[in-house]
Amino acid sequence: MDHPAAHIDTSAVAALREERVDWRHKAIPPALWGRTVAEVLDEAPRLSQLPTPLLSLSRAAMTHNRDVLAAWCAERGVALAPHGKTTMAPQLWAEQLAAGSWAITVANLPQLAVARAFGVSRVIVANAIVSPLALRWISDQLTADPDLEVFVWADSPRTVALMHDALAAHAAEVGARRPLAVLVERGGAGGRTGARDEETGIAVAEAVAASPHLELAGVTGYEGALSHSSDEAALSVVHAYVDSLLSLHRRVAHLVPEGRTPVVSAGGSAYFEQVADALAPLVASDEARVVLRSGAYITHDDGFYRGISPLGSAPRTTGPSLRSALHGWVRISSQPEPGLALFDAGKRDLPFDEGMPEAQLVRARHTGDPATPITGVAVTALNDQHGFLRWDPEADTDAAAPVEIGDELRLGLSHPCTAFDKWGLIPVLDDADAADPIVVDLVRTWF
């Protein structure tokens, strides 16, 4: 089945290079304030010219990851609608769409508004939208742009009734509108949202089909809330859940309007191979469009996703491994007692919800020296603006202490979804392993 990629307004993305940087962007030093992004990049600043704390992205790793998953999906005949809430960076969405992504996924109305501001033509809102104000805005967007596709989720007949009532009232005020596409969300016991049984899912589909203001577009769900490891028991739970999506699809597919290809969508960044395997019969029969919604793959990480991704450190599928493109850069600011150093970054700067950062390298103390791997230390805690680096105090002598005040460290990070939201402008480095990497881009985020 053909999966035509959505498009984005590339001129709006390109215009970000004309934005001026200043004190609002904590990654930018005062020496560069007042310049446009393009002017900053023309100077090709080095990492050593940027302040700590800092979050950086790797150009080489992101390009690799983007192309790896695009090829993986193409090989299996599945579409990809990356979850844009991971990065909230239209520049990166544009790269994913240029690589063939079928849509961009978001989680709520503010994120949809960002997608629309940059002209994304096909958006999955991975949530129920029941606010009348939100529904009216989406309806107006659909009417104003005939090429726009928006999909929302529903897991209850009441949700459908609320959507129908809001859209019916709006149509009565302003005139007929295009129907809103709805995906029936199947859930699982102990999971997040989603119909907990097939009969409820069928009732939702029937309610959608009965509304002239809504249109059934398929079924969907999220398996990542049901398992959090990669052992056999966890994988069997995921596979069984995806089988329930397949079953629901086959019970309601006849309600999808003629001419619309049904969507069956699941697949975060942890179990996308399980989703593709379980839904392979739909691809083989060409009876539905299977859509994965992986988001964290674009940067991967050095923690949670490194361990659980099908293309991580313990691969469960074929293809090149993903590479971490996320790094933190911090400076040792205090050594108040043996075995302890404090650095200048904390919860406001670095993700911590899926594991602490890991110390990887000590940056060169003298220009031209290579960065040095650091071992025997661990980040044990983060305060708001401080990080705690500890090691065996018995080894802490003047000669043996692994760090000293003023040293700069590179940290590996866990969980992209809570890394991007702390930075409004993120430097992209050509090579994070170089002695003094070059900044080759600045990525703007909206959270």
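**Figure 1. Strands β2 and β9 pair in the parallel sense in this predicted model.** Two bridges link β2 to strand β9, which covers residues 289–292. Within this pair, Leu80 stands opposite Leu292 in β9. The pair belongs to an open sheet of eight strands. The strand order is β2-β9-β8-β7-β6-β5-β4-β3, with parallel pairing. The edges of the sheet are β2 (79–80) and β3 (104–106). Each edge strand pairs on one side only.

**Figure 2. The largest pocket has a volume of about 590 Å³.** Its lining counts 30 residues. Lying nearest the pocket centre are His83, Lys85, Arg192, Tyr222 and Tyr305. Helix α12, residues 304–308, gives the most to this lining, with three residues. By class, the pocket lining has 12 nonpolar, 13 polar and five charged residues.

**Figure 3. The largest cavity holds about 60 Å³ of space.** The model has two cavities of 30 Å³ or more. Residues lining the largest cavity include Trp153, Glu185, Arg186, Thr193, Ala225, Leu226 and Tyr241. Gly187, Gly188 and Gly191 are also among the lining residues. Arg192 and Tyr222 line this cavity, and both are also among the residues nearest the centre of the largest pocket.

Figure 4

**Figure 5. Strand β10 pairs in the antiparallel sense with β1, with β16 and with β11.** Strand β10 covers residues 326–337. Its pairing with strand β1 (residues 54–58) runs over four bridges. Here Ser56 stands opposite His327 in β10. Five bridges join β10 to strand β16, residues 408–412. In that pair, Arg331 stands opposite Glu408 in β16. Strand β11 (residues 340–343) is joined to β10 by three bridges. Ser334 stands opposite Leu342 in β11. β10 and β11 form a hairpin with two residues between them. In the turn, Gly339 has a positive phi of about 80°.

**Figure 6. Strands β14 and β15 form a hairpin.** Four residues lie between the two strands. β14 covers residues 378–382 and β15 covers residues 387–390. They pair in the antiparallel sense over four bridges. Ala381 stands opposite Phe388 in β15.

**Figure 7. The protein chain is set out as a whole, for placing the close-ups.** The chain has 12 helices and 18 strands. Along its principal axes, the C-alpha trace spans about 75 × 50 × 35 Å. The radius of gyration is 24 Å. This agrees with a compact globule, because a chain of 447 residues would then have a value near 22 Å.

Conventions:
Residues numbered from 1 in each chain as written. Predicted model: local features only at pLDDT ≥ 70, side-chain atom pairs only at ≥ 80, totals over all residues. Heavy atoms only, no water. Pairing = 2+ DSSP bridges. 1 Å grid on protein atoms, 1.4 Å probe; cavity = no way out; pocket = protein on both sides within 12 Å on 5 of 7 lines; lining within 4 Å. Points joined across faces, edges and corners; volume = space filled by probe spheres on them. Nonpolar A, V, L, I, M, F, W, Y, C, P; charged D, E, K, R; others polar. Rg over C-alpha atoms; globule rule 2.2 N^0.38 Å.
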